[in-house]
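Take a look at the chain below. We will walk through it step by step, from the overall fold to single residues.

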Amino acid sequence: ATSMLIKKLKIDDVVDAFAVHGACGCWGILAVGFFGNPDEGIGGNGVFYGGDQLGTQIFAAFIIIIWVGGLSILIFLPLRLLGMLRMGDEFQEKGADVMEHSPSKAYSEPQVGKVTD
């Protein structure tokens, strides 16, 4: 759902980094607050087992969001202001694979019996 929301909001995240790391990471934090079973020895006491850990998990997620957001602004805002955040127009049109990684060598069909450098 997060990946679809990012696309609908027209946010440039071609590798779904936010959906994978941000949204799924938050779910992992919150899931312990719901499903943490104290009998399994992992230190959880989730709501479904009569515990009260959900509030702590929500607070932890909030602190992580503030920390990551603050550091991201400190790093990415100067890069954006200096024009160093995006690749040039030619890179964006052709793609970084073509411009940087020589995909013709990486994705060519293997040739039996021929030694390549």
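One term comes before anything else: a helix here is a DSSP run of at least four residues, and helices are numbered from the N terminus. Met 87 sits in the loop between H3 and helix H4, which covers 89–94. Keep in mind that this is a predicted model.

Is Met 87 buried, exposed or partly exposed? Its relative accessible area is 41%. Buried means under 20%, and exposed means over 50%. Met 87 is therefore partly exposed. Which residues does Met 87 touch, leaving aside its neighbours within four places in sequence? The contacts are Gln 92 and Ala 96.

Now compare a residue inside a helix. Gln 57 belongs to helix H3. Its relative accessibility is 12%. The limit for buried is under 20%, so Gln 57 counts as buried. Again set aside the neighbours within four places in sequence. Gln 57 then has contacts with Ile 29, Leu 30, Val 32 and Gly 33.

Step back to the whole chain. How many helices and strands does the protein chain have? There are 6 helices and 0 strands. Along the sequence, the pattern reads α-α-α-α-α-α. The protein chain has 117 residues, and 13% of them count as buried. Its accessible surface is about 9,800 Å². Carbon and sulfur atoms own 65% of that surface.

Turn to the aromatic rings. A pair of such rings is described by the distance of the centres and the angle of the planes. The protein chain has 5 aromatic pairs. One of them joins Trp 27 and Phe 35. Their centres are 6.3 Å apart, with 75° between the planes. Planes over 60 degrees apart count as edge-to-face, so this pair is edge-to-face. Trp 27 is partly exposed, at 47% relative accessibility. Phe 35 is partly exposed too, at 46%. Ring pairs also build a cluster, made of Trp 27, Phe 34, Phe 35 and Phe 48.

Finally, look for empty space. Rolling a probe the size of a water molecule over the atoms shows where such space is left. The largest pocket holds about 730 Å³. It is lined by 14 residues, and the closest to its centre are Ile 11, Asp 12, Asp 13, Leu 85 and Arg 86. Helix H2 (17–35) and helix H3 (54–81) each supply at least two residues of this lining. H3 gives the largest share, with 3 residues. What classes of residue make up the lining of the largest pocket? There are 8 nonpolar, 2 polar and 4 charged residues.

The second largest pocket has a volume of about 300 Å³. Its lining has 13 residues, and the closest to the centre are Phe 18, His 21, Gly 22, Ile 65 and Val 68. H2 and H3 each supply at least two lining residues here as well. Which helix gives the most to the lining of the second largest pocket? H2 does, with 7 residues. By class, the lining of the second largest pocket has 8 nonpolar and 5 polar residues, with no charged ones.

Terms used:
Residues are numbered from 1 along each chain as its sequence is written. This is a predicted model: local features need pLDDT of at least 70, side-chain atom pairs count only at pLDDT 80 or more; totals for chains, interfaces and linings use all residues. Side-chain values use heavy atoms; hydrogens and water are left out. Buried means under 20% relative accessible area, exposed over 50%, partly exposed in between (1.4 Å probe, protein chains only). Accessible areas come from the Shrake-Rupley method with a 1.4 Å probe; for residues, only the protein chains shown count as cover. Rings of Phe, Tyr and Trp (its six-membered ring) pair if their centres lie within 6.5 Å; planes under 30 degrees apart count as stacked, over 60 as edge-to-face and the rest as tilted. On a 1 Å grid over the protein atoms alone, a cavity is a set of points where a 1.4 Å probe fits but cannot get out, and a pocket is an open set with protein on both sides within 12 Å along at least five of seven lines; lining residues have an atom within 4 Å of a point. Grid points are joined across faces, edges and corners, and a volume is the space filled by probe spheres set on the points. Ala, Val, Leu, Ile, Met, Phe, Trp, Tyr, Cys and Pro count as nonpolar, Asp, Glu, Lys and Arg as charged, and the others, Gly among them, as polar. Contact means heavy atoms within 4.5 Å.
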